[in-house]
Amino acid sequence: MENIFSYIYHIPGSLTANIQSVFSIPFDCTLIHVSAVASNINDAALKLGTIADDDAYLASFDIGDSNIPQVKSRMDFVEGQYPHISAGTNFMVTLDYDGSSGIAAQNVTIALTFAKG
C-alpha cells in the first residue's frame, strides 16, 4: 500500500462557479483511478490534465449523480492507458460546476488514486 496514494477533494455546498485546482506531482507515478460524484442530480463535468493541456489525461465527463460516483477505468483515459506522470508535473483538475449551463452540482467529491513509480 505504500506505493499507492490518493488526492481527495470535497467541495461542500451548492457550486456557483467552476473549480480549477493545480498541484505538483511529487514523484513519477501513474493515475490508476478516478471517482467523481455530487449529492444531487447535476450536469457538472470533470477533466484532468496539465496547465498546457487541460484534458491531457482524461477528457471531460459527467460526474456521478445522487451520491453514486462515476468511476473511470483504464480504457477511459487518453489513448486507453493509465497515464504516467513525471515528477514535477503541474497536474490540473478542472470541474465545470454545471456543464453547459445545466444543473449546478452540490457537495462534490473527487478521488484520484495514483501508483508510485
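**Cavity lining, aromatic cluster and strand pairing**

By class, the lining of the largest cavity comprises six nonpolar residues, two polar residues and no charged ones (Ala, Val, Leu, Ile, Met, Phe, Trp, Tyr, Cys and Pro count as nonpolar, Asp, Glu, Lys and Arg as charged, and the others, Gly among them, as polar). The model is a predicted one, in which local features need pLDDT of at least 70 and side-chain atom pairs count only at pLDDT 80 or more, while totals for chains, interfaces and linings use all residues. Residues are numbered from 1 along each chain as its sequence is written, and side-chain values use heavy atoms, with hydrogens and water left out.

A search of the whole structure gave one cavity of 30 Å³ or more (a set of points on a 1 Å grid over the protein atoms alone where a 1.4 Å probe fits but cannot get out; lining residues have an atom within 4 Å of a point). The volume of the largest cavity is about 40 Å³, taken as the space filled by probe spheres set on the points, which are joined across faces, edges and corners. Its lining is made up of Y9, I11, I19, S21, V93, T94, L95 and I110. Two or more of these residues come from each of β1 (4–14), β2 (19–24) and β8 (90–96) (strands are DSSP runs of E, at least two residues, numbered from the N terminus). The largest share, three residues, belongs to β8.

Nine aromatic pairs were counted (rings of Phe, Tyr and Trp, its six-membered ring, with centres within 6.5 Å; planes under 30 degrees apart count as stacked, over 60 as edge-to-face and the rest as tilted). F5 and Y7 form an edge-to-face pair, at 6.0 Å centre to centre and 75° between the planes. F5 is buried at a relative accessible area of 17%, whereas Y7 is partly exposed at 25% (buried means under 20%, exposed over 50%, partly exposed in between, with a 1.4 Å probe and protein chains only). Y7 also pairs edge-to-face with F114, at 5.9 Å and 85°. Y7 lies in β1 and F114 in β9 (residues 106–116), so this pair ties together parts that are 107 residues apart in sequence. F114 is buried, with 0% relative accessibility. One aromatic cluster takes in F5, Y7, F23, F27, Y57, F91 and F114. Over the ring of F27 sits the charged end of K116, 4.7 Å from the ring centre (NZ of Lys or CZ of Arg within 6 Å of the centre and within 35 degrees of the ring normal).

Strand β3 (residues 29–37) is largely enclosed by the rest of the structure, because seven of its nine residues are buried. Its pairing with β9 is antiparallel over eight bridges (strands pair if DSSP finds at least two bridges between them), and V37 stands opposite T109 there. Three bridges join β3 to β6, again antiparallel, with A36 opposite Q70. β3 and β7 (residues 84–85) are joined by two bridges and run antiparallel, and C29 faces I85 across this pairing.

Finally, the backbone deserves a look. Most residues other than glycine have a negative phi. N67, although not a glycine, has a positive phi of about 65°; N67 lies in the loop between β5 (58–62) and β6 (70–72) and is exposed, at 54% relative accessibility. N107 likewise has a positive phi, of about 50°, without being a glycine. N107 is placed in strand β9 and is partly exposed, with a relative accessible area of 30%.

Conventions:
On a 1 Å grid over the protein atoms alone, a cavity is a set of points where a 1.4 Å probe fits but cannot get out, and a pocket is an open set with protein on both sides within 12 Å along at least five of seven lines; lining residues have an atom within 4 Å of a point. Helices (H or I, at least four residues) and strands (E, at least two) are DSSP runs, numbered from the N terminus.
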